[in-house]
Each structure stands twice: as structure tokens, then as C-alpha cells.
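Let's take a walk through this structure together. Have the model open and follow along as we go.

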Amino acid sequence: MQAVNDYVIVDLIKKGPKKVGGLLLTDETDKDNRYKKASVISVGNEVLVVKKGDSVYYDKHAGHEIGYEDKLYRVIRARDIVVVE
């Protein structure tokens, strides 16, 4: 699977639940966090800064999901990435 143009294919990195002040927070209960962390699977030919294997944070409303070999990935534009680790 290869991204094209300015698209990036990412796989969401799921964090385990954490306790804050005695409350158990999961990804579903963390509604205040606008950004999601993901691992880059593939980058398009117009993407310069991000490369395969990078960890990135992107806007959770960006892009769309795509199924490939029984797994769901997210396809986003490079401009929706806000942090590269």
C-alpha cells in the first residue's frame, strides 16, 4: 500500500488506560485532546518532512479510514500533521 501526492497513511497508536485523580481515562473518555498519535505507514511523493516509521500527532477530525488486509488505517493530508517525533 503506497500513499500518493500529499497524503500520508497512518496507524493509530492506542494508549492504554491511565488513572488521573482516581478516575480511569481511556481514548474514548479523553474528548478534550484534539490530536491523536499515530505511526506513519506510507507517505506520498509530495511529502517532504515526514517519513515511514515516524510517530506523528494529527488532528483527530482529519482524513478518513481505509481497510487494507483486515486492518483499518487512516489516510490524512500532510498539512494535518502538527508534530513529528
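Which residue forms a salt bridge with Lys37? The partner is Glu85, with the closest N and O atoms 3.1 Å apart; a salt bridge here is a side-chain nitrogen of Lys or Arg within 4 Å of a carboxyl oxygen of Asp or Glu. Lys37 lies in strand S4 and Glu85 in the segment after strand S8 (81–84), so the pair ties together parts that are 48 residues apart in sequence. Strands are DSSP runs of E with at least two residues, numbered from the N terminus. Glu85 is exposed, at a relative accessible area of 51%, while Lys37 counts as partly exposed at 23%. (Buried is under 20% relative accessible area, exposed over 50%, partly exposed in between, with a 1.4 Å probe and protein chains only.)

A word on the ground rules: this is a predicted model, in which local features need pLDDT of at least 70 and side-chain atom pairs count only at pLDDT 80 or more, whereas totals for chains, interfaces and linings use all residues. Residues are numbered from 1 along each chain as its sequence is written, and side-chain values use heavy atoms, leaving out hydrogens and water.

The whole structure holds six salt bridges. Among them is the one between Arg77 and Asp6, at 2.8 Å from N to O. This pair links distant parts of the chain, with Arg77 in strand S7 and Asp6 in the segment before S1, 71 residues apart. Another joins Lys71 to Asp11 at 3.2 Å; Lys71 lies in S7 and Asp11 in S1, so parts 60 residues apart in sequence are tied together. Asp11 is buried at 18% relative accessibility, whereas Lys71 is partly exposed at 39%.

S1 and S7 also pair as strands: four bridges join them, and they run antiparallel (pairing requires at least two DSSP bridges). Tyr7 has Arg77 as its bridge partner in S7. S1 is likewise joined to S4, antiparallel, by five bridges, with Val8 opposite Val43.

Val8 and Val43 both belong to the largest nonpolar core, which has twelve residues. Such a core is a set of buried Ala, Val, Leu, Ile, Met, Phe, Trp, Tyr and Cys residues joined through side-chain atoms within 4.5 Å. S1, S4 and S5 (55–59) each supply at least two residues of this core, and the largest share, three residues, comes from S4.

Finally, look at Ser42 in S4. Ser42 is buried, at 4% relative accessible area, and its side chain reaches the backbone nitrogen of Ala3 at 2.8 Å.

Terms used
Polar contact = N/O pair within 3.5 Å; in protein donor to acceptor, adjacent residues only side chain to side chain.
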